[in-house]
Each structure stands twice: as structure tokens, then as C-alpha cells.
Amino acid sequence: MSATDTAVPRAALAQSNVGMASRTLAALARVWGNLRLRDAVIISFPVLIPIVYLVVASTLDYYRYRQFDDFWARPASIDHFFQARFHAAKHVFAALRTEHQLNPEAPDAGIIRLTVPAAAWDSMQVKPVESWGHWFTAVLTRENTLSKVQIRKRGDNSVHWLTPKGSFTVKTEQRDLFKGYQTFGLSAKDVLTAYVANKMARELGLLAANTEISPVYVNNRFYGLFRFNEAIDENFLRHQLRLPGNLFRGDAAERGEYFKGTERNLFENMYIWQRAAKSQRPTASATAGLEALLTGTNAQTLDEHRRLMALVDRKQSVQLLAYLLMMGDPWHMDGVHNEFFYEDPWSMVQEPLPWDTRLLDITRPPAPRRVNPFFQESLRDPFFVDEVLREERRMLDDLHGVQIGERLARTEYERYRPYFDFESDRAGIIPDLGTPEEVSTVLRKNATVLHQWISDARVAFRSTPTDGRLVLDFETRGYAGSDLRSLTINGGGGPIVLYADRNGNGVVDRDDAVIAGAWSNEAGARRFTLTNPEALYSAWNAKGPGIQPSTAAYRFLLTGSVAGITAVTPELLNRVNGQPVTTEALAPNAPVPPSYSWHSWDFPVARPVTHRFSGNVQLHETLEIPVGDTLLIAPGTTLRLDPNVSILILGHLDARGDSAHPIIFEQADSGKPWGTVALQGQGANNSIERYTRFYGGGGAVLHEVEYTGSVSLHYVDGVEYDHLEIARNVRSDDAFHAYHSSFVMRNCSFLNTNSDAIDLDYASGEISHCRFIHAGNDAFDLMTSNPRIMDNYIEGSDDKGISIGEGSNPFVFNNYITRCERGIEVKDGSEPLILNNTLVGNKVGLRERLKNVRYWHGGWGKVVNTIVSGNKTEREIDHNSRLSVWASVIGKDTFPAGQGDLIRWLYRWQGVQVDTLHAGVVHSWSPVTPRPPLVTQEFEEDLQSYADGWIAYGAATHLEKRNRNLTAVLRPWDMNSQIEFPEGVLAKQIDWDLRQAKDSSLAVFEIAGRDMHAGTVTLLSEQGRVSMPFVARGDLSSYQFVALTLPPARYVGIRISAQPNPGLSKTQASTGLIDNDVARLNLHGYRLFSSLDSLPRARSRETADASSPMTAAH
Amino acid sequence: MESGELLVEVREAVRKRERFLVRAYLALVALVVLVMAVAPVRARILSGLQHRVDRWDERWLDRLAYGERLVADSQYTAAAAYLARLDEEFPAQSSRHRWDKERERLLVALGTSYVKLNKHKLALATYRKLVAFDPNNYANHYALARAVWTLRPNWATPPEARDQYIAALVLNPIDRLSLDGLLLYSFEKADWKGGTAAFEHYLDALQFEHLFVKIGSDSALALVPVDGRFHDIDLPLPAAAEWKGPITFSTSGLSCEIKSIALVPAKYVGMVSGTEQQVWPGRDAWSADSLRARAPGLFEALGSAGQMHFVLEPRDAHVARVRLTLRFFKPVNADRWDVVDRSYRNRLDYAGLAATKARVLLPDVVSSQAP
């Protein structure tokens, strides 16, 4: 078509448009002409009503904020609320669409579902300043179970309460914890950024409360995305393997408890601290540790400062500050709130805990830009500063810490993407959540700044000839310190001596130390290389604002033939990153500015001393061996200790007697006990005691630390005891007590002890070939300890032979226990392996129970090749406990052995080899290298994963981790599809490449079922499948091992099928309704053991073997 | 004119001017939309609205001030009625409210009115309400204790007064009013042990106070425990080389005793360092403000702005640090000490009395009578 052809239609089109426009205008004119005031008002409603609504709602928002005067409420304005509501209004349709996708039934372990009575919820929600501290009853839904909980408002400032998403605290019943937590907070503030900041504390190895992100549904409707906070309390301590001790909480402002008229600074006012947990020891002091902490924090002398640094956990403090710097927020633990210190009762060391860390740009600190007084004082310590920077470097090595934070943010953001979208649609009217990009930007910027700090090792230097010597003045000026490696000296000749002028007075005197080194010639100059580089520590000024580098002056003196020296050039390396340091010039005769920091040379230098005892020694007062010193006790020495006198060893103990010349500790006054012989701290590692005897000890309290044993170990590793004998101790709880320690104890005797013979808290080691006769309480009392208890003879304990409690998993092998009140008691989440023991003639042979509800579960003994017989009561097991038995005799019940391979593997797993396989004590066995499993799967409830990758189908529904199991509900009749499934299946993908194995491997599953008659465990490989059927006994407290021998192959899947009992679903004749009952399958875990080829086999077996899988019984 | 006729007339007037009204109305709507769309204008208008909300909200303060005026004017009956009504309506029903302190003022004024009106039960109920409102405010416990003590019948020693004094001292163990009350209570109850224990608890209570040290234009600050015991202080304090004049110590209004003061000279690059200069004891040139010297180095506070000045010779060298040893005394007044002193004597605990006396600076009048 030509241009002329198109011109006509275009003109026609234009004419037509003009016509249409004129018609429209005419119509509008007609409308305008007929428009009446009433019509105009109606027409304007869609515009005016939203505006009026926005203004009124914003004004009400503002009025609500006006009821508070906190940091968040003060800057509030009606205009801000107007904009926020306008933003939300714009996104209301998008939000509604997104909300549609949110499913409260979604199988996500992080979702929290609450049902709250409407009146209670309204009371919490509508009136922001009411109902404080009031607990409301609610119901927490967890799959098929409903738990009664209490909820209350949380937080004290407006950001938590004046938005449509309020923070609150949830508290469960003591016996019905939610995934191990009794109390947890749900915080609406800075959900993603605060999650990353606080989660990283744990990721970086700090003692810190757990945090997660949780979508919260209230009354089946999505309420908001929250940050889940574990409460810092006694439960937290136990989770973190800390004995309950004083947990000082300085969080008055955060809790809205503003103590009017008193000093607000927590480090100046001891009386506004609270105790979130309390030491349960009768000798514990309430606040002495806190008082010492505050006194040390306000140190005015070096001695007071050193006392503070000895009082706090240095490693945790260093890590904590390094972590806070990385988060850009050393400010929020600010001396007014967010302060937590855990006081370890067995060392009285205070551990600072992070709390409510924010993710901030470190270059833009919020007012008042000061770290708290504790960090201010800590940072006066040059060694502390040095350690902080080294820790920082470790955290930032290859941006390791940054990547952790980015991963956390990205993972959670993707996991809850629809929720984040929904929340972003109502941004402004709810607290900000943050984004992964924000997290990454801030972390990377902080990392860059901290790298600059690490590299900032500036040193100024001047050499000045004075009265026949050279004064070498150094001044560190950067964030990082330097090492003086060598001095290059031009000119001069003859011998020269280098001194460290430790008192800095410019003359050589007796305070000054000669510095060793080697001379060499280099390019016409002499070079003095220091044998040990001298550290020139940096100084920081943390008094604020911010944290700035300060100065520290160091002075060296060159004496001897210094005439003719024209130049001295120091070689310095950055102490943290090892990079060369270029010096600046110090102005001549300039005054050296006094530093706020303590000088590293003012700290006393320890010189190790060996203390020796021999012959007969009487101690009239408590002896303390400092760290670095050694106490050497000669064979045949007898130490008589006056009443209550103790020996506290922070250094090394070497007490090696022999059978003819034992070392004896005994009472000087036969009627009164001495105290304790205690090893405390890592300085006492690898101490040795052989043929030592302790008679009449009574425990002691030294430096506020209680030593409950006449022999005590606190935080010591690698101690060796051989032929130790403890007898007739009085007053003290324990004859021997170990806390967070490891040791080996062989051939020892505990005779007529006052109470427990051996008490282990968080300890490990081996106790073998020992005798325990007439313990006043337990022969062994274990709390969260995993020792190997082997070949012991226990007789006549007034309570338990072996008490295994509070999360202990010991290996109990080949012990003979008789005439005790209870032979073995397993309780509170403990899972011991009890192998080849004989429990005879006790009042109760084996007992399992839940004693301490904080541990949530009862005991779970794995009893193999053990005889429990001839006891007044053979076993007592409560409904919270479980038992797995194999090849054992318990009373009249004999349990079959199952497959021989499994038995062998159990022995090999624990590193023992027996000549004959039979129940009860074996007469001979030998140690072999333990063979740990290649793969272990256990199930712990958490908020991250619902079923750890397992899926269910067929009759199996509602798969979840619960009570240390993977629990599946088997519902044969599906109400929706009206289909009956004869079988339920649990399956998981795996990748076990066993093709290189020379022989078969073994997979062992621990399973229980109820209302199911049969099942099969199948391992699927590329070549085929290996199956093992099992028969459930119908009792969920009785577990059985199912073992599969796996030929070399690559295994890709696990499939566990179970057939529910027929007739679970039946139609009621009277009503015609279907009674849809369910079966249940619990998988406790599984282990894969490597190739069998290298295993020595048991030579024979005396008890009957069985070809069927091992069964277990309650 | 009847209303029906008026309506007709209005309608007629609207009808006659309807075109104008429509235009005006639509213009107004457009203006509203425009105002809300232009951020600075909107912010200005909403700010004005906000100001009005603030003013309206502050009506509670005006009402409280009126009630307090009634109390001040001794119109207790009117005050009680007015404040009781205000208490019911007052918005601060929780101590987290921004006007929690005002609510406490209200309750105190109301309680005072009831006391003056001899309505003892109502007065005590009001003070108990005050404690319940914010149990973390020690002053509330003290107010209740005082009310219980004041309104006690027949010289009784009501345990609630003791309990509330103790509650106040738990929150603020250095509150002298509560301590006085507890001492008096113990004394009247003949509980000598309770009295001496309360005083020892007061002396042992951890308290830090600021010590300001000033030389020339430089100053430094130390936090010193107030426990009647000597403490060493080592303060970095860079001062100008040409510095002249005294070294000044400000004592936060506390009595104190100085054992020693020394100045540590600065080091100079390449030079031999000077020696420490002792300032006290050894110099007589000193003066004090709001402090009275009771003995060499021993100063009794006369006000809240106590200062000591030690005159020094001008020095060429910088001063790097100040090292001193001093102790702060917790305040003790004559009446209180009399009760404490008699309590110790009644217990025949002379050793305890001596140990306590060593940690306090006794009021002059008492110390002169002491054996």
C-alpha cells in the first residue's frame, strides 16, 4: 500500500476520533450540567473516605504511641503512620493474594500454631499498656497433639506492642516442652537481621541462646513472621552443658522494670540485677560473684583489673567482643540492659552471654556510642585487645563469618519467602524484617572495616643517644600490635646489650631484662635478631565515643659500645596478620601521652616453681599451687592435714607412690576432716596420682568454689589415677568428684564412703578394675557424662550401684553389682549401653524413670548380654522410659540374641573383644580399636526440619520428629479418598557408597511399633535390595534392633514398611460411622558400620543364638 | 419560622447556588487530595494535628496539677474526691505508661489527702495501690511504710512498716530515709540485732561514687566504692607542661579521708624519666569548698559540691598519672548514729561497735560525746 493509499483512511480515522472526542465532551458537559451537590458528594466518597480513614487511623496510631515514652515511641509522628498505612493500603490486594498461599497445616517444623481465646487475645492486642505480666492460657498445636501453654506480652517498648504484630512469650507446661524449650519469646522486631545476628553467636561457638525464624498462626490465621528466642534460664544452661549456677540478668529496661530513683547503670548498681537461674548448691553465695564483677569492672588499679580478668571467662569474653564487632553492635549490651553473666559454680568464673544483638554498620554506631563498662575495662588489657583482634581474624578468615551470615539469611528467606512477601506488603505498620541483601551489605562492610583494623599496626620510633646508651622509644598507634623481630644497627662496633626498660625510666636497673638474640652482619650493618620477638601491644580507648586506637609506649635500651652508631632500624611485624610494619618518626623530647590502657610490662610475669613434699608433712593451712607450678610428692610421703585444710592445685600434680611406698593423705586430728585435694583448671592437665590414699577428707569451699569431693577435678583433662584409695571421707557429698574433666582411673578402691563414691558431672574417662564397697549413696552418680565403666565390683551401695542420669550415655561393661538398693538406674534422657553386666542380689535390679522433668524423657537403656537376676525386684520402668534388650536375662525373661553380627559390632563399636559371648560378666576380654559407625542418624526435635528428609506414603501419615524418634502414624483408612492402604511406608534417600568395601557392612535400625503386626526394613541399592523383616511387639516402650548385612554396593534409599493390624478401621454397627483408629511406628535411629572383614570374630557363643531379629521388651 | 419552612428555604437556597456549591465542593476535594499528595504540605498539616493531639492528651497533667493544688491549699475533702475520680480515669494504669510517675504523684496526693482526713483505711489502701502500681520503685515502699508507721494505733510497731522499709532497702540499700525508718522501728521494737544488722547492711551496700580529679584544664573521673575503706586509685591524667594552680578533687558531696596523693610525671622521648612527686601528706597548702577538715586529710561534707584543692608548685614536666589512696564515707546523721550506737551497746557488742565506727565519719556532735 502506497503513502497515498494510507492517507485517506488515516484522515477518516482522525475525523472519527475527533467525532468521538466531541461526543464524549458533549456527554460530559451534559453530566456536568445535571450534576447536583448530592451527586458530587457521592462521587467524591471513593477519594475522601480513604483519606479520612488514613488520617483518623494514623492519628489513633499516634495516640497509641503517645502512651509510651521510649526510644521507639518518641520519634513517632502522624505523618509517619499516614505513609505506612498508605503503603499498606496500596499493597492490600497483593497481601490478600499472598495470604491465600499461607497454609497453617504446612509440614514445616518452624511453624508455631496457637489457639487463644478471643477475649484473652483481644486483651493482649487492643490495649497496649494493659495486661502486662499477665499470663493467658492458650493451646499450642503440634500435629496430632494439643499442648496447654501460657502466653504473655513481651518486650517493654512500643515497637513490640504498638503494631498489628506484637511480641509475646510462650511458656509450656513443665512436663510438656515444645521441642525442648519451656519458655521462648516471639519477637516482632528486625526478624531477619536480628535472627542472623543472634544465630551467628552460636554458629561462631559462643555460649548463646538459640534463635530461629517462625511463622506464627493464631487461631488458624497467619499472625506474623517472628524471631523465636530461647529464654536464658536453667533449661538453657542444661542444654548448653552447664551446671545450674547463678545466671545474673541485667535486663531491667528491656523488661520494663525501671527502678525509679536508683542508678540505672548496671555496673554501678548491683541491686537492679536479677537471677535468671540460681546455683543449687547449699554453699553457693548469692551475689558475691556479681559484686566482685562490678568491683572489677570499676577497677582503679592494675591489681583490681587483674582480679576482674581472672574472674571472667576470658575466651568467651574475647569471642563475644569479636563477634559483636563483626555484627557492628558492641553497643547494645549497654550497661543498662541486655547483660547476662553465667557464674560457673565449679570455678566461679563469669561468662558473659550475648543477648539481643543487632546487625549494624560498625562505622555508624548509635548514640551514646559507648561499649559497656565491662568491655571498657576489658579493653584496657593489652592482651585482651590482642586476643580480640586475633579472634576477629579467625572469624573473618576468607570471609568465613560473613558467609555464615549470608547463608543463614538466604536460607531462611527462601524457606519463608511467601511469608516475607506478605510481611513486606504491610511494611511500615509492622516492624521492619530486613532482607538478605541488607544482611550481606552490612556484614561485608563490617568485615572490610575490621580487616582495616587488623592491618592497622602503626608504630612510631626514635633512637636517642643518652649518657652512653641508646634509648629506643616505640609507640604503638594503631588497632593492632607489632612484634619487634630485630634491630639493624649502622655504625659503631663492639659488644652491645639490649634491655627492655620495663619501668620505662630510661636507665638500666634491676627491673630491666636483658633481651636474648643473635648477631649477624648484613650489607655492612649489624643485625640483632631477638630470640623471642618482643610484643609491642596496641592500646584501645573504649571510653568512647566508639572504639579508637590509643597509644602504648615501649622503651628499650642499648648499652655497651654504642658510640659511633649512626642509625638503628627496627624490624616489626603485625602481630595479627604477620605483615611488615613501617615505622613513623617519634618527635624528639616529646612527652609520651599517658595511656588509658594498662601496660603489658606492668603485668607480673609468672616464673614456674616446683614444690616438693617428702617424708611426714603436716599442713596447718590450705596450700595453693599456682598455674605453671608443679607439686611433686615423693613415694612414701604422708601428709597430715589439719581440720578443713585443703590442697588446691592449679598447676601440675605428680604424686607417684608405689605399692610399698604409698602416698597418704590423712587427718591430722582424727576426729575432724580435712578439706579436699583439688585439681582446678587446664593448668593441672595430665597430673598423675599413683598409689595414693585419701582418708578422712571432707570437701571444702575455696575462693567461693565448692569442692564436693575429698578428691576433686574441675576443668582438668588427662588425669591418671592408678591404685587410688579413698575411704572414710566424711561430710562431703562425694569421695571423688569430677566436673568438665576427663581422666583414667584403674585399680582403685572406694571403701565406706560417706555418700557417692564417684560423682561425675559433664565428665568423661575410664574407670576400670575398681572396687566400691559400701558407698553411703551411689557408687557412681553420673550427670551428662559419658565415661567407660568397666570391670568394676560394686557391693552394698546404700542407693544405686550406678546412677545414670541427666543425659548421660556411658558404656557400662562387665561390672558386677550386688547388694545395692538399686543395681543400675537410668533416667532423664540417658541412653547407656549396658553390656555384659551382672546385677544380682539388689533390692531393685534395673530401674528406669524420669526424675528431672527438664530432661523431658525418661531413661533408655540398651541392655545387651546382661543378667539381671536374683534381685528383689528385677526391673522398674516408668511410662516415660524406654528399653532395648538383647541376649539378656532379666528375671524370668530371657531375651534372644538376634544376629551374631550385631552383637559383634556392638563390642567392636565400643572397642572390646571377648573370648566367649554370653550374658553376664565375662572372665576375659581384650581391648581393640573402637570402630565408630560410618553413619549415625538420630532424631532431635528442632525448628529446622520436620522429618530430616524422610517422607511417608501409603497408610503412613503425620511424619514428625518426636521424643527422640521419627514417628509415623499409620492410618489404613483414608477418609478423603475412601481407600484402604494395607501398608505404610517411610522412605529416605541416602548415598552410601560401599562399593569399595571388602566385605559386608551392617546397618542397624532401632524400631518400635504399636498396632502393627509386621514390617520390613529395606535398603535399596543400584544392584537390588536388601531386606529384613521385623515383628513389632505392640509396645512403644520396647524397641528392637533390626540389622541388615549389606554386600558391597551403592545404596541410595531406605524404605521401612509396616502393616497395621487389620481391623483398625471399622464401621460401628450402631451408628454406621467409621472408627478410624491408627497404628504407630517409631524409628529411634540407625547406624551404619563399615566392612566386617577386619573384624576378629568371637570364638564361641555359649548362650542360645537366634536367627530372627533381636526383640526387645519392656 | 417553623423548621419545615426553614428546610424548604435552605433547600431553595442550595438549589439556587447549586452550581457554585458543586464547583466549590469539588475544588475542596481536589485541594484535599493535593494536600495529601504533596508530602511537605501534608507533613505540615499532620504536624499541626499532632500538636493538637499532644495538647489534648496533656489535659491529664493539668487535672493532676489542679488536684495537687487542692492538697497544697489544704482542701483535703475536695482534693480527695477530685483525685479519687481522676485516679479512676487516669490513663497510666501500668508503670510502663509514659505517665507512670504522674500516676504515682496522683496516688501520693490522694493518700496524703486521706491521711489528713483521718481516713486511715482509704489512705493505706491508696498507698498499697501505689506499691502495686510500681513495686520496683523503692520510694513507693517507703511511702507505704511511712503511712503505716504514721497511722499506727497506740504506739504499735506494725510489721508491715518493717516489711516495706526492708522492701525499699532491697531495691535501694542506700536509701537513708528507709534506713532511718527501719532503725527506728527496730529500736522501738527493742530489736537491737535487727538495728545493727540494718546499719551494717547499709555500710556494706555496694555503692560507687564519682571522684573528679582536675589539674589545670585536664580532668579525670574515677568510680570509688563508698564503704568507709581505703582504696587505691591510679588515674591517667595528662596535664599541660605550663600548668599552674591546685589539683582539685570533687567528692560528690561525700565525706572522705585522703591517705596519700602522688603525681607521676610523664615520660619524654629519649629522656630519663622524673620521679613521682608526693602531694599528700607533706603539704600544708590546701583549701576546701563545702568540706570541713576534721583532721589532716579527713574531710566532712557540708554540702553536695565538696571540693579539695591542693596547691602545687608549677612544674616543667607533664603529669601523666595521679595516684591516690582515699576512702569515702557513707553519710550518717547524729540521730541515726545515736540509735545505732545504743543498739550495739544494748547488745554488749563493743567489738562490732568499734568495727562499725572505724568505717563511718561520725557526726561531730556525737563523736565528741563518744567514750
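Biologist: How many residues of chain A are in contact with chain B, and which elements of chain A supply them?

Modeller: The model is predicted. In it, 61 residues of chain A contact 53 residues of chain B. H2(A) gives the largest share, 10 residues.

Biologist: What classes of residue make up that side of chain A?

Modeller: The side of chain A that touches chain B comprises 31 nonpolar, 18 polar and 12 charged residues.

Biologist: Which residues touch the most other members of the largest nonpolar core?

Modeller: In soluble globular proteins, nonpolar side chains tend to be buried together. Here, the largest nonpolar core holds 352 residues. Those touching the most other members are Val196(A), Tyr323(A), Ile649(A), Phe750(A), Leu970(A), Leu986(A) and Ala1003(A). Apart from neighbours within four places in sequence, Val196(A) contacts Leu359(A), Gly405(A), Leu408(A), Ala409(A) and Val439(A). There is also a second, separate core of 13 residues, including Tyr62(A), Ala73(A), Phe81(A) and Trp161(A).

Biologist: How is a pair of packed helices described?

Modeller: In chain B, helix H4 (residues 59–72) packs on helix H5 (residues 76–89) at an angle of about 155°, and their axes are 8 Å apart. Because angles over 145 degrees count as roughly antiparallel, H4(B) is roughly antiparallel to H5(B). The crossing of H4(B) with H5(B) is left-handed.

Biologist: Which residues of H4(B) and H5(B) meet?

Modeller: From H4(B) come Arg63(B), Leu64(B), Gly67(B), Leu70(B) and Val71(B). Their counterparts in H5(B) are Tyr76(B), Ala78(B), Ala79(B), Tyr82(B), Leu83(B) and Leu86(B). By class, this contact has 9 nonpolar, 1 polar and 1 charged residues.

Biologist: At what angle do helices H10 and H11 of chain B cross, and which residues make their contact?

Modeller: The axes of H10 (residues 176–188) and H11 (residues 192–204) of chain B come within 8 Å and cross at roughly 160°. H10(B) and H11(B) are therefore roughly antiparallel to each other, and H10(B) passes H11(B) in a left-handed crossing. H10(B) contributes Leu179(B), Leu182(B), Leu183(B), Ser186(B) and Phe187(B) to the contact, while H11(B) contributes Gly194(B), Gly195(B), Ala198(B), Phe199(B) and Tyr202(B). The contact of H10(B) with H11(B) contains 7 nonpolar, 3 polar and no charged residues.

How values were computed. Residues are numbered from 1 along each chain as its sequence is written. Chains are lettered from A and ligands numbered from 1 in the order in which they are written. This is a predicted model: local features need pLDDT of at least 70, side-chain atom pairs count only at pLDDT 80 or more; totals for chains, interfaces and linings use all residues. Two residues are in contact if their C-beta atoms, placed from the backbone, lie within 7 Å. Helices (H or I, at least four residues) and strands (E, at least two) are DSSP runs, numbered from the N terminus. Ala, Val, Leu, Ile, Met, Phe, Trp, Tyr, Cys and Pro count as nonpolar, Asp, Glu, Lys and Arg as charged, and the others, Gly among them, as polar. A nonpolar core is a set of buried Ala, Val, Leu, Ile, Met, Phe, Trp, Tyr and Cys residues joined through C-beta atoms within 7 Å. A residue is buried if 20 or more other C-beta atoms lie within 10 Å of its own, exposed if 12 or fewer, and partly exposed in between; C-beta atoms are placed from the backbone. Axes are lines fitted to C-alpha atoms, for helices over the stretch in contact, and angles run from 0 to 180 degrees between N-to-C directions. Angles under 35 degrees count as roughly parallel, over 145 as roughly antiparallel, 65 to 115 as roughly perpendicular and the rest as oblique. A crossing is left-handed if the near helix is turned anticlockwise from the far one by less than a right angle, and right-handed if clockwise.
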